[in-house]
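User: I have a chain open and would like to go through a few local features. Can we start with the charged pairs?

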Amino acid sequence: MKLENAALQESMGQQTRQHTHSTKWFKNWKFITASSVIVIGILLGALSYYQTSHFNAQVKINGVHVGGMTAEEALHKLTSSELKNTIYIGDQQILDGNDTKMAFTTKDLPAVEKLLKSQWSFFPSSKEKNLFLKPNSQDEYRTVTLKKQLEEKLISLNGGLKAPIDAQARLEDGKIVITESVGGEQYDVAGLLKEYDKHGYTSEIKLKPLLLQPITADSEIVKKQEKMLQELLGRTVNYKVQNKVYTLKANELIKKASVSKENTITIEETLINQKVDEINAAQSTLNKPFTFKTHSGAVITVQGKGYGWALDAKKETALIAEAFAKGETDISAANIKGHGWKGEGYGYETLTNNGIGDTYAEVSIKDQRLWIYKNGKMVFTTHVVTGKHSTGEDTDKGVWYILYKKKDDILNGSRVGGGEYAVHVDYWVPFTNSGQGFHDASWRTNWSPTAYLNAGSGGCVNIPPKVMKTVFDNLETYEPVVVY
């Protein structure tokens, strides 16, 4: 019994000792674990702080290595870094600009801090990253000067390179044809400048070799050109000249035409010009003889001189071509030329009396007389003295027009065998550009019907002073003067 109790006590003692040992071990393990957690927490906290305040090892900003740096340190390095400002297209360097400092300032620190935050990772990363940042203050050299130099260089290079040829719908010999496009070697200047603007703020600027691309035959542009030419061929223009209307058809007068990328139609105008010449030959009066019925009823022919009109063929051709191109259906002649002082023509609006009209002055050298007609009725007549025939100073025959009217004037000129002269007149009405006109002649004593033969004027039509005012009052600027 004593032995059994002793064994039991021994067993219980061992259990007690084991329990005490286990309790101590458990307490030690908890301590170690807690300590480890604290240490790891401290390490992780330190690591996290470092990671949030420093760039990862392989990070660059605009090609400048800033790995392991704080935002302030990175900004300082950027501020002190140089830009070589070399520009490449593909692998070819085309421009070597001036070296400049990066234009970063303390105002850019928030932006750098933002980049720092964007690249953050909980654990350090060795992954390469190239971040990009443009200065808060504009870099005038990069944004203006260097960009302008790039544009000029590209334009210069293009001058020696083959340009692309666009496909195009054209009208040839009255038929629509589509030409094929041909590739070229010229740079796309506008596209490259856009790429330049998008490029990062780096020392080297590398642009993709963008080339101008031609418009292809299957493009919408060419299809639209084809449609526009089809519409052009179906157009008709009613062209009014005075009281006559000519129906002009595009399919008869336009054999060559093209359409630009801006949808502007260009027409080869040869046949249109020929048509205008035909109309001029049939209808204009410039430099042509006028059929004229005299005061006596006799019908004579008098050559047009200062008076008369013609279509300005070059301008009218362009006017008609423009009407075809724009789809206008009705136009009137708008460009009239003649022998006026400024090249203007006279008589275009006059349709009666073979183009002379019913209001005019008639001078007969043979009869030495002037008749003035208003609206078809003779309102005044008087005898006159014209240019001296014996010296070849005859008043020029032809159809002229009144240039202007003036009172109280000094006439300067010269006479054959008589030298220079300067005489005063009360009324002066010139009708030729050479200086012939109607005027009073107070110095004249010989008013006989034959005075003009040997005692005529220097070319003017002398009017008796007592009737000159009546003549002056009945003549108006631009009215025809018929001398025969």
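Analyst: First the criterion: a salt bridge here is a side-chain nitrogen of Lys or Arg within 4 Å of a carboxyl oxygen of Asp or Glu. Keep in mind that this is a predicted model.

User: How many salt bridges are found in the whole structure?

Analyst: The search finds 15 salt bridges. One of them pairs Lys148 with Glu151, with the closest N and O atoms 3.8 Å apart.

User: Where do Lys148 and Glu151 lie?

Analyst: Both are in helix H4, residues 140-158, and they sit three residues apart, about one turn of the helix. Lys148 is partly exposed at a relative accessible area of 45%, and Glu151 is partly exposed at 25%.

User: What does Glu220 pair with?

Analyst: Glu220 forms a salt bridge with Lys223, and the closest N and O atoms are 3.7 Å apart. These two residues belong to helix H6 (residues 220-233), again three residues apart, about one turn of the helix. Glu220 counts as exposed because its relative accessibility is 59%, above the 50% cut-off. Lys223, at 44%, counts as partly exposed.

User: Switching to H9. How many residues has it, and how far does it reach?

Analyst: H9 covers residues 313-326, which is 14 residues. From first C-alpha to last it reaches 20 Å, close to the 20 Å expected at 1.5 Å a residue.

User: Which residues of H9 are buried?

Analyst: Ala313, Glu316, Thr317, Ile320, Ala321, Ala323 and Phe324 are the buried ones. They cover an arc of only 155° around the axis, so they are on the same side of H9.

User: What exposed residues does the face turned away from that buried side carry?

Analyst: Lys314 and Lys326. Just after H9 comes Gly327, which takes a positive phi of about 85°.

User: Which residues other than glycine have a positive phi?

Analyst: Gln368 is one, with phi near 50°, and Tyr478 is another, at about 80°. Gln368 is in the loop between strand S20 (360-364) and strand S21 (369-374). Tyr478 is in the loop between helix H11 (465-474) and strand S28 (480-483).

User: Are they buried or exposed?

Analyst: Gln368 counts as buried, since its relative accessibility is 2%. Tyr478 is partly exposed at 47%.

User: What about Asp358, where does it lie and what is it in contact with?

Analyst: Asp358 lies in the loop between strand S19 (336-337) and S20, and it is partly exposed at 35% relative accessibility. Leaving aside neighbours within four places in sequence, Asp358 is in contact with Thr352, Asn353, Tyr373, Lys374, Asn375 and Gly376.

User: Last one. Which residues form the nonpolar patch on the surface?

Analyst: Trp120, Phe122 and Phe123 form that patch, with about 310 Å² of accessible area together. Trp120 is in the loop between helix H3 (109-118) and strand S7 (129-131), and it is partly exposed at 38% relative accessibility.

Methods
Residues are numbered from 1 along each chain as its sequence is written. This is a predicted model: local features need pLDDT of at least 70, side-chain atom pairs count only at pLDDT 80 or more; totals for chains, interfaces and linings use all residues. Side-chain values use heavy atoms; hydrogens and water are left out. Helices (H or I, at least four residues) and strands (E, at least two) are DSSP runs, numbered from the N terminus. The expected span of a helix is 1.5 Å times one less than its number of residues. Buried means under 20% relative accessible area, exposed over 50%, partly exposed in between (1.4 Å probe, protein chains only). The arc is that of the directions from the helix axis to the C-beta atoms. Patches are made of residues with over 30% relative accessible area and no salt bridge: like charges are joined within 9 Å, nonpolar side chains (Val, Leu, Ile, Met, Phe, Trp, Tyr) within 5 Å. Accessible areas come from the Shrake-Rupley method with a 1.4 Å probe; for residues, only the protein chains shown count as cover. Contact means heavy atoms within 4.5 Å.
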